[in-house]
Amino acid sequence: MRLSDTIESFIKELLTQEEQGVELKRNELAEYFGCAPSQINYVLATRFTLDDGYVIESRRGGGGYIRIVRVVSDHGQRLSYLINERIGEAIDEASATRLIGQLVEQKVVSPEVGGVMRSAVSASALSIPIPDQLKDAIRARTLKTMLTNIARQNRPGLS
């Protein structure tokens, strides 16, 4: 496992223990993992974004801290945000895969459904002789259609 993955897992474990938020000291965390504070910054900047469902607050200096807060929203609001704002008109395979992984992690979809979704937006599913920009547009439409269907299925009172 890469150091970035280990740091991410460690922080997420703290978040499950501490409910919705956790406060950390960047230098202490870097010392614990035997890395530079910039490595901690990298993990926070790439794995704990608003798109991932987190808000980061930080204060630098001697008494500085990093506060990581999990954004609480219902699945319907999350799916609506993804469909209407996050995905856009095109999305590359790596971004789509990361987004689906977040949905599985947040238990919006099961691991099995996530696997089917990843397959549907994969390079092998779109291995047709068309420009990459068109593949990314098809991938975005496919992903939005799947998320719309999931949102309909999860609506109370509907089967």
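Predicted model: local features only at pLDDT ≥ 70, side-chain atom pairs only at ≥ 80, totals over all residues.
View 1. Let's begin with R139, whose place is in helix α7; helices (H or I, at least four residues) and strands (E, at least two) are DSSP runs, numbered from the N terminus. At 4% relative accessibility, R139 counts as buried. Buried means under 20% relative accessible area, exposed over 50%, and partly exposed in between, with a 1.4 Å probe and protein chains only. Leaving aside residues up to four places away in sequence, R139 touches I91, D92, E93, A96, V121, S122, A123 and L126, where contact means heavy atoms within 4.5 Å.

**View 2. A140 in helix α7.** A140 is found in helix α7, which covers residues 132-154. With 2% relative accessibility, A140 counts as buried. If residues up to four places away in sequence are not counted, A140 touches I87, G88, E89, A90 and I91.

**View 3. Helices α5 and α6 side by side.** Two packed helices are described by the angle between their axes and the distance between the axes. Here, the axes of helix α5 (residues 93-105) and helix α6 (residues 111-120) come within 9 Å and cross at roughly 170°. Axes are lines fitted to C-alpha atoms, for helices over the stretch in contact, and angles run from 0 to 180 degrees between N-to-C directions. The helices α5 and α6 are therefore roughly antiparallel to each other; angles under 35 degrees count as roughly parallel, over 145 as roughly antiparallel, 65 to 115 as roughly perpendicular and the rest as oblique. On the α5 side, T97, I100, G101, L103 and V104 meet P111, G114, M117 and R118 in α6. The residues of this contact of α5 with α6 divide into five nonpolar, three polar and one charged. Ala, Val, Leu, Ile, Met, Phe, Trp, Tyr, Cys and Pro count as nonpolar, Asp, Glu, Lys and Arg as charged, and the others, Gly among them, as polar.

**View 4. Helices α2 and α3 at an angle.** Helix α2 (residues 26-33) packs with α3 at an angle of about 105°, their axes being 8 Å apart. That makes α2 roughly perpendicular to α3. R26, N27, L29 and A30 of α2 make the contact with P37, I40, N41 and L44 of α3. Sorted by type, the residues of the contact of α2 with α3 divide into five nonpolar, two polar and one charged.

**View 5. Q39 in helix α3.** Q39 has its place in helix α3, residues 37-47. Its relative accessible area is 22%, so Q39 is partly exposed. Not counting residues up to four places away in sequence, Q39 touches L3, S4 and I7. Q39 and L3 are 36 residues apart along the chain, and their C-alpha atoms are separated by 8.7 Å.

**View 6. A salt-bridge network around D5.** A salt bridge is a side-chain nitrogen of Lys or Arg within 4 Å of a carboxyl oxygen of Asp or Glu, and by this rule the count comes to seven. R2, D5, E8, K12, R47 and E105 are linked in a network of salt bridges. In the R2 and D5 pair, the closest N and O atoms are 3.6 Å apart; in the D5 and R47 pair, they are 2.7 Å apart. D5 lies in helix α1 (residues 3-17) and R47 in helix α3, so the pair ties together parts that are 42 residues apart in sequence. R2 is exposed, with a relative accessible area of 57%, D5 is partly exposed at 23%, and R47 is buried at 13%.

Note on methods
Residues numbered from 1 in each chain as written. Heavy atoms only, no water.
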